[in-house]
Amino acid sequence: MSDFFDLTKPIIVAHRGASLLAPENSLEAFDLAYQMGADWVECDVVLTADHLPVILHDRSLWRTARKRINIDALSNEALKNYNIAASFSKSHPFTTIPSLQELLELALHYQRGINIEIKPFTTEYALETAAHTWQIIKPYVDRIPILISSFEEEVLCWYKQYAPAVKRAYLLPHWKADWLEKAKALDVVSIHCHEKLLNPMHLSAFKLNNYIVLAYTVNTVDQAHALWAMGVDGFFSDDPKLLD
Ligand code: G3P
Ligand code: MG
């Protein structure tokens, strides 16, 4: 695992890029994160109406672009009309939703890692989101570190079946008694936990089973130090320089 994750220091994954300093999930936020030295960035992937995998956290563009429209109602052509910096700052330059391919090219340029969190809108979209995403990811798998995660277990199941060489992570938003059974069945390398569910008992169960453990989302130094002392391997943070 040490050729994939550098375990000699806390792993810091730039959550939605350097999202404290630039609009979340924008190419600018990812570029900044890599420039700031992040080994890994995390992005959220959804599909447009034309089934293009693009980087956006919510189905609706309201929170980011201040427009009441869903991404799956937009054609690829229409994407350029929406400004995801609208909620970040009034004076920020117009910023468009990047495609997954644009981010993969950026990661290739910097030779750094990407955690691609695949976010189907509902379980019924899980398989098609997994399949369309894989078509974009496939040419990059041997060239940069790629880690797939999803709250939808069906996505991880699909990747295990059709792209088994791509490493997978199990996302745990809350404690699940059957987590080990699921993690083994999905054959994941890491567990990505909501920081609130991490306590010494849960953590020792993860570590006893040799999983890398990353906590999301950690934006204060005190919290990062406490989690590191407890034994987590790293954090998702909006600030890639949190511990510098
Ligand atoms: O992948 C970790 C974290 O990003 C999951 O939560 O809502 O920020 O995508 P969310
Ligand atoms: Mg995410």
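## Basis

Residues are numbered from 1 along each chain as its sequence is written, while chains are lettered from A and ligands numbered from 1 in the order in which they are written. Because the model is predicted, local features need pLDDT of at least 70 and side-chain atom pairs count only at pLDDT 80 or more, whereas totals for chains, interfaces and linings use all residues.

## Ligand 1

Around ligand 1 (C-beta atom, placed from the backbone, within 6 Å) are His15, Glu42, Asp44, His57, Glu117, Ser149, Leu171, His192, Tyr216 and Phe236. This shell has three nonpolar, four polar and three charged residues. Ala, Val, Leu, Ile, Met, Phe, Trp, Tyr, Cys and Pro count as nonpolar, Asp, Glu, Lys and Arg as charged, and the others, Gly among them, as polar.

## Helices α4 and α5

Helices are DSSP runs (H or I, at least four residues), numbered from the N terminus. Helix α4 (residues 126-137) packs against helix α5 (residues 153-162) at an angle of about 45°, their axes being 8 Å apart. Axes are lines fitted to C-alpha atoms over the stretch in contact, and angles run from 0 to 180 degrees between N-to-C directions. α4 is therefore oblique to α5; angles under 35 degrees count as roughly parallel, over 145 as roughly antiparallel, 65 to 115 as roughly perpendicular and the rest as oblique.

## Helices α1 and α3

Helix α1 (residues 27-35) and helix α3 (residues 100-110) pack at about 15°, with axes 11 Å apart. The two helices α1 and α3 are therefore roughly parallel.
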